[in-house]
Amino acid sequence: MPTISGSIAKLKASSTVAFNAKALEMKRSGVDVIAMTAGEPDFQPPEHVLEAAHEAIRSGMTKYTASEGTRELRQAIVDKHARENDLTYTPEQVIVSTGGKQVLYNAFMAMLDPGDEVIVPSPYWVSYPAQIELAGGVTVGVAASAGEGFIPDPDAIAAAITPRTKAIVVNSPSNPTGAVYPDDVLKRIADLCDEHDLWLLSDELYEHIVYEGDFTSTASHYPERTLLVHGASKGYALTGWRIGWGCGPAPLIKAMNKLQGQVTSNANAVAQHATRVALDEIELTRAFQSKTRAAYKARRDVIVTGLNDLGLRTPTPQGAFYVMADLTPIDADETVAATTLLERAHVAVVPGTDFEAPGFARLSYATSMEQIETALERIKRLLD
Ligand code: PLP
């Protein structure tokens, strides 16, 4: 067989996928595994969005659309950010892509030249460094500690800036930590981007899953140098529908669309229509978001208290649906600890290795309260 390209051969496979696969394999062989690995809501999408998808299929909204997304969806995105975030965009400043993932990939490809550095506070979501590497860039992690609730220190970010720095990524609420950065931290990071002429990439996919305090969009500080990354996956429970969007300066959006036009063209047309309805039918969508947020919050409280009571230190996250638990009482090596949890307690978690969170593991509580309580009982039995 001919060889695989060097850049893909050296690309790291995600440990989330590896642990998911192992959990699935155990399930298939009849073991009752509780999977706390998933990064997706366990709720069905709201009824009005399902209905809109049916309507799109029936009425023939099944053709290619403009590569950057339909005018109607981009207008709905403009209206959403004006209404909820007080941000002013035009449809030309919006691109719709196949999930937030493709928005991010387009962005790194459009921003970076070989050797450019991107500062990413850690623990971070595993796809940032992988995509930065694919775009020829270099990830510079700046560690945030559990003691600080995983909120990064802007002085440490400032100290990491070099003449090769091209962008800073912020992800609040964060995957994997659930941390919601205070606005003064976001403002200081945005100021650094302004002082050093950097792109600011703000991943806001978890905007609607915030339990305490108000969400502030980082883009509100310097919209002219910020790419706001958002999508339908998390807050609208539409993960498999693959709709993400980016809002930012028109030249950047145009460059991203140039790439997208050659790679995938438009995101799924049916899902674009359904997402437009999710954004425009605001009362129904808000009711769905309040209901799911309340369920996540109740689960968060149970899992954080439960893990801390078991001696597994777990900071209280203010958003998203993940907790980071210190597994060192099980084993100093987080991969060994996660493997022990999976094999002996039948609870699947993601070790922190790829998130740059040594000693920790990520547990997703986007699963039923009953499963969370059973998982806690199993972990207790293992520790006993
Ligand atoms: N950003 C973060 C922080 C995520 O956790 C995810 C998904 O897990 C994404 C972006 C991409 O989501 P999607 O491609 O489903 O829109």
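Start at the ligand and select Tyr206: an N or O atom in the Tyr206 side chain is 2.7 Å from an oxygen atom of the ligand. That is a polar contact, meaning a pair of N or O atoms within 3.5 Å; within protein, one must be able to donate a hydrogen and the other to accept it, and residues adjacent in sequence count only if both atoms are side-chain atoms. Keep in mind that this is a predicted model, where local features need pLDDT of at least 70 and side-chain atom pairs count only at pLDDT 80 or more, while totals for chains, interfaces and linings use all residues. Residues are numbered from 1 along each chain as its sequence is written, and side-chain values use heavy atoms, with hydrogens and water left out.

Asp203 is next: one of its polar side-chain atoms lies 2.5 Å from a nitrogen atom of the ligand. Which residues come closest to the ligand? They are Gly100, Asp203, Tyr206, Ser233 and Lys234, out of 13 residues that surround the ligand (a heavy atom within 4 Å).

Zoom out and colour by domain. The assignment, which comes from an automatic or database source, gives domain 1 as 6-44 + 285-383 and domain 2 as 47-281. Their C-alpha centres lie 24 Å apart. Select the boundary and you get 34 residues of domain 1 in contact (heavy atoms within 4.5 Å) with 36 residues of domain 2.

How much area is buried between domain 1 and domain 2? About 3,000 Å², with carbon and sulfur atoms giving 59%. Buried area here is the accessible area (1.4 Å probe) that two parts lose on being put together, summed over both. On the domain 1 side, pick Thr285, Gln318 and Phe355, which supply 20% of the area that domain 1 buries against domain 2, more than any other three residues.

Stay at this boundary for the polar pairs. The rule finds 20 residue pairs in polar contact across the interface, both residues at pLDDT 80 or more. Helix 11 (282-309), strand 9 (322-326) and strand 12 (360-364) are the elements that give two or more residues to the side of domain 1 that touches domain 2; helices (H or I, at least four residues) and strands (E, at least two) are DSSP runs, numbered from the N terminus. Helix 11 gives the most, with 8 residues.

Next, show the charged side chains. Across the interface there are 2 salt bridges (a side-chain nitrogen of Lys or Arg within 4 Å of a carboxyl oxygen of Asp or Glu). Then select Glu212 and Arg300, whose side chains meet in a salt bridge at 2.9 Å, N to O.

The count by this rule comes to 22 salt bridges. One of them pairs Asp116 with Arg164, the closest N and O atoms being 3.0 Å apart. Asp116 is in the loop between helix 5 (99-111) and strand 3 (117-122), and Arg164 in the loop between helix 7 (154-160) and strand 5, so the pair ties together parts 48 residues apart in sequence.

Most residues other than glycine have a negative phi, and most peptide bonds are trans. In the loop between strand 5 (165-171) and helix 8 (183-196), find Pro173, joined to Ser172 by a cis peptide bond with omega about -5 degrees. Pro176 is in the loop between strand 5 and helix 8, and a cis peptide bond links Asn175 to Pro176, with omega about 25 degrees. Last stop: Asp197, in the loop between helix 8 and strand 6 (199-203), has a positive phi of about 55 degrees although it is not a glycine.
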